[in-house]
Amino acid sequence: MFEKRLLLPHQYYYPHMTFFGDRSTQEKEEDFLSAMNGIEQNRKATIYIHVPFCNSKCAFCGFDKEYDLDEMEAYVDKLCSEIDYYSAILREKYLIQSVHFGGGTPALLPAELLQRILDRIKSSFNIDENTAIDMEGSATTLYRDDIIRFITDNKLTRVSFGVQSFDEGVRRELTMKATLDELLYTIKILHENNIIMYGDILYGYPEFFPGKMLDILKSDIKTAIELELDGVELGQMYPYKNALERIVRERGLALPADSEIITMIKYATESLLSAGYSQSTYSGFTKQGKIILETSYYGGIEKMPDCIAFGSGAFGNIAGYKYRNASYSVYMSQPTPCYGQLKALSSEQIGNMQIVGFPKVLVLDKSLLEASSVKARFADKFARLIEEGYVSETDKLYRLTEKGSYYIDNIYWYLLEEEEKEIISKELTIFISERQ
Ligand code: SF4
């Protein structure tokens, strides 16, 4: 059924916002504001705070970043005014389930600026002691004394950082700023302070070292287990819209074949499961059995909470609207709120979100499919996925099989409407392996 594996860009989450068609306009913003004012109380939401500052130039990174660290204080001022704006409308309406600082590298901010943001969030929204608070950082920031104090004083649920690889050769090729020594030191300091830490590990690099790439992944997984990371987030490297694309082209490097990628996923999954980790999402393995909190995971078991997103380039999802804030320079120079794109979702799209995103969370509650306005179309597709061995079913759930877990993005793609496929084919680069 799926002849070649697909890899969608990490930034793609259904539904896509088109560059021109979904630009924000004053009229759309007025409609969005009135939809927010009309929300009934006691809804659930997550909060995402984007901090774009970064001090590394990792070759694989396609995120919006900002290197002028002198602007950090002004950025936090801007964030606080955005928090005030949404709080005035939404404070009484939402119970906040989680707060996530993402980036960039949020831990680059001095602790007092992080504290300012967190205090403002806490005093502006319904947050209690059960609200999970987590933060991304890096091996050049998380060991700092002020950051450790910020994490422990505020009882952050966890921190995460990009390990990518423990192999020094690969780290050099990926032009990561943090050295291996810094990475190991950071892990040691986090352990000493009893801080829960998740590390990102990449696989599927171009063949920097031909014939050795599987061994490098094996060694990375073994090291992550030995160093007792509390969670591991596995990600396949995406070789477009980043410096890696140029490196691959100029050096004529081969990208791994599907069979090699499948061997890597299988090896990593089996090793982590047998070391006592449980699989929380298609890519997330945790020792604590906690779901990895990602505002961008759609679908699955329960109704997706809204996401109130703050900061340049941040994606939010409130009251049936999906928005993306303007990129850094526009965000900093224009009045708040400052949207780049804004899209009113149809009720069909809202229902579909739960379903097309299900491969990322491994299971789908059948009642969500029942509630879909196009359940007949999905029912046929699920019947085919079951017949081909990508999905299994129980009375209440659809569940991805092991075979399905190697074809996450193919399944995601298969469940999209034809119109959505056409749009994203035009606007996004979809990686299809050339080697088999
Ligand atoms: S540290 Fe993170 S945000 Fe910065 S370049 Fe590397 S991957 Fe991108």
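The dialogue below treats domains, salt bridges, helix packing and backbone geometry in turn.

Guide: Please note that this is a predicted model, in which local features need pLDDT of at least 70, side-chain atom pairs count only at pLDDT 80 or more, and totals for chains, interfaces and linings use all residues. Residues are numbered from 1 along each chain as its sequence is written, and side-chain values use heavy atoms, with hydrogens and water left out.

Visitor: Which domains does the assignment give for the chain?

Guide: Domain bounds come from an automatic or database domain assignment. Here the assignment gives domain 1 (6-297) and domain 2 (356-427). Their C-alpha centres lie 26 Å apart.

Visitor: How many residues of domain 1 are in contact with domain 2, and what area is buried between the two?

Guide: Contact means heavy atoms within 4.5 Å. By that rule, 19 residues of domain 1 touch 19 residues of domain 2. Buried area is the accessible area (1.4 Å probe) that two parts lose on being put together, summed over both. For these domains the buried area is about 1900 Å², and carbon and sulfur atoms give 64% of it. L6, Y14 and Y282 supply 34% of the area that domain 1 buries against domain 2, more than any other three residues.

Visitor: How many salt bridges are found across that interface?

Guide: Side chains of opposite charge can pair when their charged atoms come close. The rule asks for a side-chain nitrogen of Lys or Arg within 4 Å of a carboxyl oxygen of Asp or Glu. Across the interface of domain 1 and domain 2 it finds one salt bridge, while the total count is 18 salt bridges. One of the salt bridges joins K343 to D22, with the closest N and O atoms 3.2 Å apart. K343 lies in strand β13 (residues 339-344) and D22 in the loop between β1 (6-7) and α1 (26-37), so this pair ties together parts that are 321 residues apart in sequence. Another salt bridge is formed by E402 and K266, whose closest N and O atoms are 3.0 Å apart.

Visitor: At what angle do α1 and α2 pack?

Guide: Helices (H or I, at least four residues) and strands (E, at least two) are DSSP runs, numbered from the N terminus. Axes are lines fitted to C-alpha atoms, for helices over the stretch in contact, and angles run from 0 to 180 degrees between N-to-C directions. Helix α2 (residues 72-90) packs with α1 at an angle of about 50 degrees, their axes being 9 Å apart. Angles under 35 degrees count as roughly parallel, over 145 as roughly antiparallel, 65 to 115 as roughly perpendicular and the rest as oblique. The helix α1 is therefore oblique to α2. F32, L33, M36 and N37 of α1 meet Y85, Y86, I89 and L90 of α2.

Visitor: How do α3 and α4 cross?

Guide: The axes of helix α3 (residues 111-124) and helix α4 (residues 145-153) come within 9 Å and cross at roughly 25 degrees. These two helices are therefore roughly parallel to each other. Their contact is made by A111, L114, Q115 and L118 of α3 and D146, I147 and F150 of α4.

Visitor: Which peptide bonds are cis?

Guide: Among them is the bond from Y14 to P15, with omega near -10 degrees; P15 is found in the loop between β1 and α1. The bond from G103 to G104 is also cis, with omega near 20 degrees.
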